[in-house]
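This report describes one chain, from its overall make-up down to a single residue. Please look at the sequence and the structure before reading on.

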Amino acid sequence: MSTQTLEKTERTATTSTTATAKKTTAKPVKEQKDSKLRTGWRRLAPKKETGRFSVVVWAGFFRAIVLLTDYLLAFITAMVIIPLLGAWLHQQSGASRGALSADKSIAMWLMPLLFLVALLAAGEIVVMRGMWRWATRVIAKIRDARREATGADVTPKSPTRATNQSKTNRKRSK
């Protein structure tokens with residue numbers, strides 16, 4: 001065999017082995033990309049850098065966002081939704097035509113309005129508490145991610161009693 005023939009066979013052998021190696025290294029299952037939210041949480045945790053915001057700053061930020069949202073929700077409900085609801089009930093009950101007496105006006109317009117306002121208030125309280133708990137979970141995730149990144153001890157505080165405090169030492173009201 002000539003040297004050209006040997007070089008060609010060596011080249012084809014190496015290219016065919018790299019082609020098969022590329023084929024075998026292809027992943028059979030597609031890896032899932034992290035969501036934007038998960039990527040965002042990773043950005044909040046420091047990579048052992050000291051220039052990032054502290055957990056207190058993030059806690060203040062999330063609490064401020066929740067309080068601002070709560071304020072806007074309550075303000076819009078009080079200034080827009082309740083007056084529109086009251087006007088609609090006033091028109092639908094017949095009180096706007098003057099056909100109802102005071103007792104009927106209370107029964108047909110005021111009491112349904114008070115009931116709907118109470119339902120709105122209860123719904124808003126549920127939403128506000130949900131947002132506050134969400135902010136608490138986010139702050140806890142940031143704090144835990146920072147602890148893991150810095151290598152701090154991640155043992156949770158135990159709610160056990162101190163040894164000198166027992167059930168019998170507590171004061172009892174008579």
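## Contacts along the chain

Two residues are in contact when they have heavy atoms within 4.5 Å of each other. In this predicted model, contacts between residues at least 6 apart in sequence were examined, and 69% of them join residues at least 24 apart.

## Overall make-up

The chain has 4 helices and 0 strands. Read from the N terminus, the order of elements is α-α-α-α.

Of the 174 residues in the chain, 14% are buried.

## Helices H3 and H4

Two packed helices are described by the angle between their axes and the distance between the axes. Helix H3 covers residues 55-93 and helix H4 covers residues 102-150. Their axes lie 10 Å apart, at an angle of about 165 degrees. Because angles over 145 degrees count as roughly antiparallel, H3 is roughly antiparallel to H4.

The crossing of H3 with H4 is right-handed. In the contact of H3 with H4, 28 residues are nonpolar, 6 are polar and 5 are charged.

## Asp-70

Asp-70 belongs to helix H3. Is Asp-70 buried or exposed? Its relative accessibility is 11%, so Asp-70 counts as buried, the cut-off being under 20%.

Apart from neighbours within four places in sequence, Asp-70 is in contact with Met-128 and Met-131. Asp-70 and Met-131 are 61 residues apart along the chain, and their C-alpha atoms are separated by 8.6 Å.

How values were computed
Residues numbered from 1 in each chain as written. Predicted model: local features only at pLDDT ≥ 70, side-chain atom pairs only at ≥ 80, totals over all residues. Heavy atoms only, no water. Axes fitted to C-alpha atoms, helices over the stretch in contact; angles between N-to-C directions. Helix = DSSP H or I, 4+ residues; strand = E, 2+ residues; numbered from the N terminus. Parallel < 35°, antiparallel > 145°, perpendicular 65-115°, else oblique. Left-handed = near helix turned anticlockwise from the far one by under 90°. Nonpolar A, V, L, I, M, F, W, Y, C, P; charged D, E, K, R; others polar. Buried < 20%, exposed > 50% of the residue type's maximum accessible area, 1.4 Å probe, protein only.
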